[in-house]
Amino acid sequence: MRCHQKKIDDILAELRTSLQGLSSEEAEKRLEEYGPNELKERKKKSPFMMFLDQFRDFMILVLIAAAIISGIIGELSDTIAIIVIVVLNAVIGFVQEYRAEKAMAALKKMAAPTATVIREGKPADISASELVPGDIATLEAGKIVPADMRLIEVAQLKVEEAALTGESIPVEKHIKVLHDEMIPLGDRKNMVYKGTTVSYGRSTGIIVATGMETELGKIATMLQEEEEVKTPLQKRLARFGQRLALVVIAICAIVFGIGIIRGESPVLMFLTAISLAVAAIPEALPAVITISLAIGAKKMVKQNALIRKLPAVETLGSVTYICSDKTGTLTQNKMTVEEVYVDEKIVRSEELRVRRHEKLMTALALSNDAQINADGKVIGDPTEVALFLAAQDAGFNKDELIKYFPRVAEIPFDSERKCMTTVHRIQDTGYKIQEEKSHASCIMHHVSFISFTKGALEILVEKSNSILTSEGLKGIDVEEILRVNEKMAADGLRVLGIAMRKWDSLPENMSPENVETGLTILGFIGMMDPPREEVKEAVTLCKTAGIKPVMITGDHPLTAKAIARRLGIIEDDSKTIITGKKLEELPLEEFEERVEKIQVYARVAPEQKLKIIKALQNKGQFVAMTGDGVNDAPALKRADIGIAMGITGTDVSKEASHMILLDDNFATIVRAVKEGRRIFDNIRKFIKYTMTSNSGEIWTIFLAPFLGLPIPLLPIHILWINLVTDGLPGLALAAEPAEKGIMKRSPRHPQESIFAHGLGTHIIWVGLLMGFVSIFTQAWSIKTGHAHWQTMVFTVLCLSQMGHVLAIRSEKESLFSQGLFSNKPLVGAFILTFALQMATIYVPFLNPIFKTAPLTLSELAITLALSTVVFFAVEAEKVWKRKKWKG
């Protein structure tokens, strides 16, 4: 049995303590036995080891090898460029890992510094770290709960548990035994937990768990045990790097061997093979990825999504499930009056402005503790604020009405009675003014006092003997009222009854039994935290994009179902909804079979979020998870994309997340997914571009000897093409706008190869075409006696790659319909690369360096014409693709 199920006497006996508290000697013994009441951290990696770990990635090792080889053959500029890229990547990786360690530090900050305990019958203030199981501790408003406690005495205690359970409203506590073992944390109302805050009242309790044994400690354990999952891009690049290295080594060995067999100089062939190896490694790839992600992250901040870990930008494009909290993310995070039952019918809240139900509206305004602060904002309990605003919107101003109906007494709310009452005097002078100008005419002349009672409808029905209608007072039809109550509750509304009673004089006996009886029901109010208007559209967009939105909430299943229906998350199938209690009872295998069909989780505990994520990941899904509480931190860390709330989120959840929503809005996640897809598309375009270019260079050098031609390019040519074409044009692809219909396609499969959807085929055939055009240029030039054939081949290969980069800006749309200037950075990079290439030909002092010679006008014209072949071939491929997709 758990502590919430046990009687107070049984817990006192089990922990060998009493209401007088422990003795000092016993407390010291227990401190040695249980250890200090602190959250413990596992041994951390040193910052230096964290930094070294960044160089373990296979792609990075390949680049380091390329840098060493470049240095050996005298290409120091390449060596420096590669080293800068590698170190920059390592620094970014280190910063992300170092920041992730801060989640535990934020968790520790939640601990209370001191606690008030009863030791040997006397109160004492001690350090919270010295608390032990069996201590008797006291709490009051404003205090942080220092350890997990079973309550033994309460006085109107309310505890703010949002950080731990996700419950946005302070929870009222009691000391009764709860019999259900599987009851969620948020419903254990006879317990309080370490790290939560007392918002009202006071209490005494027995410390039942300290340190890592508390619920907060269990979260700390989960947070430290959960490993972050590698992003799809990291996984793909690791596989890509390994395969590429093997292919490059094989090709270089073949080129070197064939050259030697043909009688070429061993030194020249060695330098050519090494140059080819350096050219084949896309050393700009990490830089392009980093810059693409950084540009994307900057753009996302403007859209209210703050990226904490750069790879998360690209991961968003792979997301297949978005598991979202309800309160504040899918909804507005403010209680609002939606429906009102008055005059024997249900009316929408908007109709209250037209049909003036004076008595009910006056009751909402007066029997209310909400206030307008200096900034003009309404503050108070969320329910009271909703009632206050409903009355105000209907023209019933509390500040005006209170002048004529001052409050003279009240009976506060408590969980036993489930209602509260305020008593108001009716001012004679004020009444006359109101009869002419305001709504006080609803109150009878001879009545001196009036009381308003609000609370749970089933309780008010028992306390009332009449109901107000437009035809006057009527007897209560209990069955009809409870039927309407059930209907409103089934629509996800929180129902609150409002009643009144008139008095000739102020009651001498202000007990609830005397005042809260013989009431007249004025009506009842249906409230909810309504969905955000923009979220319904975002949910539709998700479904169009092949992403399943899932709601996870601590709220009641009926409320969750109503919101999910209104947003379009579910239709009518009840199998798509499951409660935390049922989830707890389901074996893991059975849950994994059902998990892809469930779209609403209600009344869930924090550890169950982790169970949901793991089950979806085991089914091959890619999961984004939102969270704001401490309880969400392990799930946020485990998710493929952990999304913390910027407004309501705790520091712990933010530190564990990959991304922070600055506006706590679900629609922002969908916009971020779109940006993630655009970024991955652009990274794929760069890989398509650079690998096709490298493929063209390899085919040119590899095939020429088989056709009886001399080696067409020198090492300096290969390295130059590699430098000017891989650099700026490749980086400019990062700025490419999103493709049309980007959110109408399904998410790419997390296991999908980076070369899927024809990318590998494109690299081979366009690379072969580049090689063929270059070799054709070489063969034709030699045959027709052009002495500058090598310069022509060099230029054709370089400019063919420029034509290629323009053609691959879109998978299917023509450059001519896109518009050349829709990516200005790429146009600039194209012009600069063209100018640099022309400089190697026509600037005299560069000729001996690059082993080039100035081309004649006719040679240049032929070279430029041949350089367009690749561009028009890829444009033709896109025409074929468009026809295929339309068909």
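**Helix packing and selected residues in a predicted model**

I'll start with a helix pair: α20, residues 533-544, packs against α27, residues 666-703, at an angle of about 35°, and their axes are 8 Å apart. The axes here are lines fitted to C-alpha atoms, for helices over the stretch in contact, and angles run from 0 to 180 degrees between N-to-C directions. Helices are DSSP runs of H or I with at least four residues, strands are runs of E with at least two, and both are numbered from the N terminus.

Some housekeeping. This is a predicted model, in which local features need pLDDT of at least 70 and side-chain atom pairs count only at pLDDT 80 or more, while totals for chains, interfaces and linings use all residues. Residues are numbered from 1 along each chain as its sequence is written, and side-chain values use heavy atoms, with hydrogens and water left out.

Back to the pair. The crossing of α20 past α27 is left-handed, a term for the near helix being turned anticlockwise from the far one by less than a right angle; clockwise would be right-handed. Which residues meet? From α20 there are Glu-534, Val-535, Ala-538, Val-539, Leu-541 and Cys-542, and from α27 there are Phe-666, Ala-667 and Val-670. Contact means heavy atoms within 4.5 Å. By class, that contact of α20 with α27 has 8 nonpolar residues, 1 charged and no polar. The classes are: Ala, Val, Leu, Ile, Met, Phe, Trp, Tyr, Cys and Pro nonpolar; Asp, Glu, Lys and Arg charged; the others, Gly among them, polar.

The second pair is α31, residues 789-807, with α33, residues 824-842; their axes come within 11 Å and cross at roughly 180°. That angle makes α31 roughly antiparallel to α33. For the wording, angles under 35 degrees count as roughly parallel, over 145 as roughly antiparallel, 65 to 115 as roughly perpendicular, and the rest as oblique. On the α31 side the contact is made by Thr-791, Phe-794, Thr-795, Cys-798, Leu-799, Met-802, Val-805 and Leu-806, and on the α33 side by Leu-826, Phe-830, Thr-833, Phe-834, Gln-837, Met-838, Thr-840 and Ile-841. The contact of α31 with α33 divides into 11 nonpolar and 5 polar residues, with no charged ones.

Now α21, residues 557-567. Its buried residues are Thr-559, Ala-560, Ala-562, Ile-563, Ala-564 and Leu-567. Buried means under 20% relative accessible area, exposed over 50%, and partly exposed in between, with a 1.4 Å probe and protein chains only. What covers the buried residues of α21? The cover includes α20 and the strands β20 (519-528), β21 (548-552) and β23 (600-602). Just after α21, Gly-568 takes a positive phi of about 85°.

Two residues other than glycine also have positive phi. Arg-16 has a phi of about 50°, and it lies in the loop between α1 and α2. Arg-16 is exposed, at a relative accessible area of 55%. Asp-343 has a phi near 55° and sits in the loop between β10 (336-342) and β11 (345-348). Asp-343 counts as buried because its relative accessibility is 18%.

Ala-386 is in α14, residues 382-393, and counts as buried at 3% relative accessibility. Ala-386 is 52 residues from Lys-334 in sequence, and the C-alpha to C-alpha distance is 7.7 Å. Leaving out residues up to four places away in sequence, Ala-386 touches Met-335, Thr-336, Val-337 and Met-527.

Cys-3 is in the segment before α1 (8-14). Is Cys-3 buried, partly exposed or exposed? Partly exposed, with a relative accessible area of 21%. Cys-3 and Glu-181 are 178 residues apart in sequence, with C-alpha atoms 9.5 Å apart. With residues up to four places away not counted, Cys-3 touches Ile-11, Arg-150, Met-191 and Val-208.

His-786 is in the loop between α30 (759-783) and α31, and counts as buried at 19% relative accessibility.

Last, the chain as a whole. The secondary structure comes to 36 helices and 26 strands. Of the 887 residues, 56% are buried. Among contacts with a separation of 6 or more, residues 24 or more positions apart account for 73%. The chain exposes about 37,600 Å², of which carbon and sulfur atoms supply 58%; accessible areas come from the Shrake-Rupley method with a 1.4 Å probe, and for residues only the protein chains shown count as cover.
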